[in-house]
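I'm opening my notebook on this one.

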Amino acid sequence: MPPNFRATTPDDAADLLRLWRDTWTATYGSSLGQSALSAMLKDLEHNGTASMLPGSGERGYCIASDHEIDGSAIFAERDGVAYLWGMYVHPSQQRRGLGSRLLHGVAGEIETAEKVEVRVLVSSPAAINFYRKHGFTETGREKTELINSVETATLVMCTSVENLKTTQQ
Ligand SMILES: CC(C)(COP(=O)(O)OP(=O)(O)OC[C@H]1O[C@@H](n2cnc3c(N)ncnc32)[C@H](O)[C@@H]1OP(=O)(O)O)[C@@H](O)C(=O)NCCC(=O)NCCS
């Protein structure tokens, strides 16, 4: 079976942790440094999926085959804005269109928000390029706390839900 877009369930916890551990290790060691990466992995080990899904109205989705989860996305709608985070595609599966499928899948699940907002590490040119490719534009810059004691510079990037829905392949 080809990988499908679907909502995550509690049974996905171990697979999500593996996805995030592998993707963070491949991405954040070089962009944030080893000590920040170690703190993030420790937090993930300690808090499990709650470190990414704190349980306040957020909705988790994934791209998954029968035996593994290849990508994840999380969003929460508040006051007309869908805040998106946790967009990760496993390093072994990147650049095959899965991130784009996740983004368009999320757009299809948004109920009331008119725009989508994401915070992207200034030090992640690949992710910035990915969102630009999907019509996101930069609306600001701010420091974002990834976890306790790990802060980093981020770009705030936005697009309309309509844009994502109309550009869906
Ligand atoms: C960013 C990410 C989610 C993209 O997922 P993906 O499945 O690799 O993306 P896609 O294959 O759908 O790529 C779509 C387009 O985005 C751009 N893009 C994606 N990865 C890129 C890269 N490494 N370098 C430059 N452009 C890139 C390209 O324009 C690409 O189209 P193309 O392959 O036809 O040139 C994934 O690379 C990832 O998980 N990165 C590490 C974690 C991260 O930074 N997440 C974002 C948190 S906000």
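This is a predicted model: local features need pLDDT of at least 70, side-chain atom pairs count only at pLDDT 80 or more; totals for chains, interfaces and linings use all residues.

**Entry 1, the fold.** I read the elements off from the N terminus, and they run β-α-α-β-β-β-α-β-α-β-β-α. That comes to five helices and seven strands, where helices (H or I, at least four residues) and strands (E, at least two) are DSSP runs numbered from the N terminus. The chain has a radius of gyration of 15 Å, close to the 15 Å that the globule rule gives for 169 residues, so it is as compact as a globular protein of that length. For my own reference, that radius is taken over C-alpha atoms, and the rule is 2.2 Å times the number of residues to the power 0.38.

Residues are numbered from 1 along each chain as its sequence is written, and side-chain values use heavy atoms, with hydrogens and water left out.

I looked up the span of the C-alpha trace, and along its principal axes it is about 40 × 40 × 30 Å. Buried residues make up 43% of the 169 in the chain; buried means under 20% relative accessible area, exposed over 50%, and partly exposed in between (1.4 Å probe, protein chains only). I also checked contacts, meaning heavy atoms within 4.5 Å. Among those between residues at least 6 apart in sequence, 61% join residues at least 24 apart.

Which residues come nearest to the ligand? Of the 19 around it, they are Val-89, Arg-95, Gly-97, Gly-99 and Ser-100, and a residue is near if one of its heavy atoms lies within 4 Å. Sorting the shell, I get eight nonpolar, seven polar and four charged residues. Which element gives the most to this shell? Helix H4 does, with six residues. Helix H1 (13-32), strand S4 (81-89) and helix H3 (98-109) are among the elements that each supply at least two.

Next I went through the backbone N or O atoms. One of Met-87 lies 2.9 Å from a ligand nitrogen. Ligand oxygens are 3.2 Å from one of Arg-96 and 2.7 Å from one of Gly-99. The protein covers 79% of the 920 Å² of accessible area that the ligand has on its own, with areas from the Shrake-Rupley method and a 1.4 Å probe.

Phe-75 sits in strand S3 (residues 69-78). Is Phe-75 buried or exposed? Phe-75 is buried, with a relative accessible area of 1%. Leaving out residues up to four places away in sequence, Phe-75 touches a list that includes Tyr-61, Leu-84, Trp-85, Val-106 and Ile-110.

Then I moved to Thr-159 in strand S7 (residues 150-160), which counts as buried at 8% relative accessibility. Its side chain reaches the backbone oxygen of Gly-135 at 3.3 Å. Beyond four places in sequence, Thr-159 is in contact with residues including Lys-115, Val-116 and Phe-136.

Asp-79 isn't a glycine, yet its phi is positive, about 50°. I found Asp-79 in the loop between S3 and S4, exposed at 83% relative accessibility. Arg-95 also has a positive phi, near 70°, without being a glycine. Arg-95 lies in the loop between S4 and H3 and counts as exposed at 86%.

Key
A polar contact is a pair of N or O atoms within 3.5 Å; within protein, one must be able to donate a hydrogen and the other to accept it, and residues adjacent in sequence count only if both atoms are side-chain atoms. Ala, Val, Leu, Ile, Met, Phe, Trp, Tyr, Cys and Pro count as nonpolar, Asp, Glu, Lys and Arg as charged, and the others, Gly among them, as polar.
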